[in-house]
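Open the model in your viewer and keep the sequence panel beside it. The stops below say what to select and what is there.

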Amino acid sequence: RMLRWALKRLNLGQAVRDRNGQKLQSRVDFIQVCALMDVYEACREGQIAPDEVEDKWQASLTRWESEPSIAALTAHANDGMIAQITEQFAHLHDLDSGAVPVPATLPDLQAASGSTAASEPTAGPSTFTNPLPTAAFALSALAADDAETAVRDVKDSLLRRVGFAPWIGPTQAPTPEHSAGLFLKGAALPGTVVALYPGATFAIDMRMRASDVGHWMDPRVKRTIVPRHDGAMLDVDAYRPERPNPFAVAQHARHPPPDVRPNCARIQVDFVLDSRNTTRLLGLPDYLSPFLPVDWGAKVSQAQALHNALDPPDHRSGVALVALREVYDEELFVDHRINPYRPQPAGYIPHDIGAAERTWCRWVDSSRVSDGRARWEQFVKETGMLPAGAGADEAPVGAIGPGSDAPPGGGEAGGRR
């Protein structure tokens with residue numbers, strides 16, 4: 001009995017330290033994104049000159065570091081991202097309405113006299129021995145060309161409308177599993193939502209249900225896990241959107257190579273439809289919901305599926321990629337923060353090991369964070385987010401305030417599980 005009591009006390013102590021680390025990292029991430037949203041709005045409205053961006057950044061950091069409520073930080077960051085995403089989705093809706101031709105479909109073959117293409121393949125071990133291409137081959141080639149042309153047209157239209165467009169190309173930081181990376185063509189201001197992660201979102205309660213645990217924990221299932229600060233996890237490989245969305249390609253953003261700093265940050269975003277919005281968050285117009293690249297991942301019964309079809313969920317949880325600085329015709333890199341308590345992929349070098357440890361429910365030894373002052377000093381040292389004119393012994397009230405839950409241990413952020 002005494003041993004069980006001692007182990008319980010030990011586990012509770014570790015849980016307290018873990019939760020403190022989770023709160024700290026969620027505050028760091030949301031403070032950064034809140035400041036980026038302020039810089040984005042100021043730049044877009046022409047309120048500041050290019051050489052004033054750094055001053056605006058520092059002023060916004062100072063403002064949001066003194067905000068004690070994690071709810072206020074989350075709401076400001078979410079509203080700023082939703083405003084941009086709404087505009088991006090509106091452009092997609094316009095293009096989908098006929099501004100750009102859709103990919104061609106392969107028509108049914110019909111017998112035609114006098115055609116130069118063979119209706120039936122001629123004898124031969126390969127197409128090189130066929131003097132004339134078959135009609136099926138010719139039509140499929142035309143359809144593929146039309147599809148590629150349509151995709152280019154959509155991205156070129158986004159470049160003209162939005163100012164940038166995401167593209168996939170050979171990465172400068174290849175891994176044994178990935179040779180493609182995410183590039184931005186055009187220019188994006190600091191704080192711009194440059195891409196979204198597609199996939200299925202699993203909340204904490206979803207992963208605890210027996211019907212989902214077996215599927216979630218199956219090591220044979222290919223998964224790319226992206227964590228959120230509220231405990232939910234996004235599995236990129238578990239869902240593919242029905243409506244193509246050229247912005248839903250954030251999973252191709254690679255971890256930066258050595259001596260290269262990330263130019264993007266990963267942050268959670270919540271989509272709440274206008275018609276069912278009972279929160280204080282900025283809503284997304286209902287007519288843009290088909291472009292959402294995420295859905296809930298829990299298995300449901302037929303009755304639940306029918307209920308969801310008749311009464312769709314009022315919100316969905318996703319993850320966005322936000323530019324940390326001005327980005328101009330370059331590859332996008334983001335710190336993957338792969339779970340440091342599991343085997344690391346070959347060639348992976350953590351960019352910020354402290355952030356990864358806090359994200360994945362572990363933190364430093366309690367002797368280094370014995371009180372609020374020590375936590376503040378470590379916070380300043382690791383993040384560099386010290387208010388202008390303040391010293392390490394001048395921590396603002398609420399600088400290490402309450403935060404939201406972080407993901408439980410397990411899985412990997414941006415990596416294979």
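## Stop 1: a loop residue

Select Asp 259, which counts as exposed at 85% relative accessibility; exposed means over 50% relative accessible area, buried under 20%, and partly exposed in between (1.4 Å probe, protein chains only). Asp 259 sits in the loop between strand E6 (233-235) and strand E7 (264-272). Helices (H or I, at least four residues) and strands (E, at least two) are DSSP runs, numbered from the N terminus. The phi of Asp 259 is near 70°, a positive value in a residue other than glycine. Most residues other than glycine have a negative phi.

This is a predicted model, in which local features need pLDDT of at least 70 and side-chain atom pairs count only at pLDDT 80 or more, while totals for chains, interfaces and linings use all residues. Residues are numbered from 1 along each chain as its sequence is written, and side-chain values use heavy atoms, with hydrogens and water left out.

## Stop 2: a strand residue with positive phi

Go to Asp 329, in strand E10. Its phi is near 45°, again a positive value in a residue other than glycine. Asp 329 is partly exposed, with a relative accessible area of 43%.

## Stop 3: the whole chain

Zoom out and colour by secondary structure: the protein has nine helices and 11 strands. Of its 417 residues, 42% are buried. Contact means heavy atoms within 4.5 Å; among contacts between residues at least 6 apart in sequence, 75% join residues at least 24 apart. The accessible surface comes to about 21500 Å², and 56% of that belongs to carbon and sulfur atoms. Such areas come from the Shrake-Rupley method with a 1.4 Å probe; for residues, only the protein chains shown count as cover.

## Stop 4: salt bridges

What links Asp 29 to Arg 337? Show both side chains: they meet in a salt bridge at 3.0 Å, N to O. The term means a side-chain nitrogen of Lys or Arg within 4 Å of a carboxyl oxygen of Asp or Glu. Asp 29 lies in helix H1 (residues 2-44) and Arg 337 in the loop between strand E10 (327-331) and helix H8 (353-359), so the pair ties together parts that are 308 residues apart in sequence. Asp 29 is buried at 5% relative accessible area, and Arg 337 is buried at 17%.

Next, select Arg 228, Asp 230 and Asp 270, which are linked in a network of salt bridges. Arg 228 and Asp 230 meet at 2.6 Å, N to O. Arg 228 is buried, with a relative accessible area of 1%, whereas Asp 230 is partly exposed at 30%.

Then show Asp 237 and Arg 240, whose side chains form a salt bridge at 4.0 Å, N to O. Asp 237 is partly exposed, with a relative accessible area of 26%. The structure holds nine salt bridges.

## Stop 5

Select Phe 183 in strand E2 (residues 180-188). Trp 167 is 16 residues from Phe 183 in sequence, and their C-alpha atoms are 5.0 Å apart. Leaving aside neighbours within four places in sequence, the residues in contact with Phe 183 include Trp 167, Pro 170, Gln 172, Glu 330 and Leu 332.

## Stop 6: a helix residue

Finish at Asp 55, in helix H2 (residues 53-65). Is Asp 55 buried or exposed? It counts as exposed, at 56% relative accessibility.
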